[in-house]
Amino acid sequence: DLPLSRNALGVWLCDWAPLVAMLQNPDLSIAARSACFHASLALSIVKQAQQLRNEHLFTAVGLTGGVFQNRLLTEYTHTLLQAAGFTVYIPEHLPSNDAGISFGQIIEVGNRPSITSKVRS
């Protein structure tokens with residue numbers, strides 16, 4: 001479980017320092033270190049989603065971007081998010097890598113009230 005904190009700008013940050021020692025531990029197998037890394041990242045994503053849900057009242061999460069080309073991470077994060085009450089979306093018609101980011105940016109900006117009212121005017 002990685003500590004989650006908020007900086008002065010209100011951005012949620014995950015502290016990876018506790019994970020570094022475990023990743024460097026030669027007494028643990030590579031498989032064990034890998035499993036812990038993926039689990040820690042997935043748990044961190046869920047914790048951040050929960051914090052944001054409390055502030056912005058949403059229940060849907062999209063797992064996009066190059067990091068979610070990792071099947072293990074995607075499946076584990078998907079399972080944990082669903083268990084936490086989120087609806088999870090995974091790209092089917094858009095690239096899951098960074099090529100799909102621009103689509104998300106268009107959707108985000110297009111749904112801002114100031115942009116929406118200007119477009120409809």
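**Figure 1. Glu-55, partly exposed with a relative accessible area of 33%, pairs up with Arg-6 in a salt bridge.** On the accessibility scale used here, buried is under 20% relative accessible area, exposed is over 50%, and partly exposed is whatever falls in between (1.4 Å probe, protein chains only). The model is predicted, so local features need pLDDT of at least 70 and side-chain atom pairs count only at pLDDT 80 or more, while totals for chains, interfaces and linings use all residues. Residues are numbered from 1 along each chain as its sequence is written, and side-chain values use heavy atoms, with hydrogens and water left out. A salt bridge here means a side-chain nitrogen of Lys or Arg within 4 Å of a carboxyl oxygen of Asp or Glu. For Arg-6 and Glu-55 the closest N and O atoms sit 2.8 Å apart. This pair ties together distant parts of the chain, with Arg-6 in strand 1 and Glu-55 in helix 2, 49 residues apart. Helices (H or I, at least four residues) and strands (E, at least two) are DSSP runs, numbered from the N terminus. Arg-6 is partly exposed too, at 40% relative accessibility.

**Figure 2. Asp-1 and Lys-47 form a salt bridge.** Here the closest N and O atoms are 3.0 Å apart. The two partners come from distant parts of the chain, 46 residues apart: Asp-1 belongs to the segment before strand 1 (4–6), and Lys-47 to helix 2. Asp-1 counts as exposed, at 71% relative accessibility, whereas Lys-47 is partly exposed at 22%.

Figure 3. Glu-75 is partly exposed at 42% relative accessibility, while Arg-71 is exposed at 60%. By the salt-bridge rule, the count for the model comes to three.

**Figure 4. Arg-33 is buried yet has no salt bridge.** This residue is part of helix 2 (residues 30–56). The nearest side chain of opposite charge belongs to Asp-27, and that is 9.0 Å away; for this tally Lys and Arg are positive, Asp and Glu are negative, and His and the chain ends are not counted. What the Arg-33 side chain does reach is backbone: the oxygen of Leu-28 at 3.2 Å. A polar atom of the Arg-33 side chain also lies 3.2 Å from the backbone oxygen of Leu-23. Such polar contacts are pairs of N or O atoms within 3.5 Å; within protein, one atom must be able to donate a hydrogen and the other to accept it, and residues adjacent in sequence count only if both atoms are side-chain atoms. Setting aside neighbours within four places in sequence, Arg-33 is in contact (heavy atoms within 4.5 Å) with Met-22, Leu-23, Gln-24, Asn-25 and Leu-28.

**Figure 5. Leu-52 and Leu-57 touch each other.** Leu-52 lies in helix 2 and is partly exposed at 32% relative accessibility. Apart from residues up to four places away in sequence, Leu-52 touches Trp-12, Leu-57 and Phe-58. Its C-alpha is 8.8 Å from that of Trp-12, a residue 40 places away in sequence. Leu-57 is found in the loop between helix 2 and strand 3 (60–62), and at 75% relative accessibility this residue counts as exposed. Its phi is near 55°, a positive value in a residue other than glycine. For background, most residues other than glycine have a negative phi.

**Figure 6. His-78 is buried in helix 3.** Its relative accessibility is 19%. Beyond its neighbours within four places in sequence, His-78 contacts Leu-63, Val-88 and Ile-90.

**Figure 7. The largest pocket has a volume of about 330 Å³.** On a 1 Å grid over the protein atoms alone, a pocket is an open set of points with protein on both sides within 12 Å along at least five of seven lines, probed at 1.4 Å, and lining residues have an atom within 4 Å of a point. Grid points are joined across faces, edges and corners, and the volume is the space filled by probe spheres set on the points. The lining has 17 residues, and Thr-64, Leu-94, Gly-100, Phe-103 and Gly-104 lie nearest the pocket's centre. Helix 4 (residues 101–110) gives the most to this lining, with six residues.
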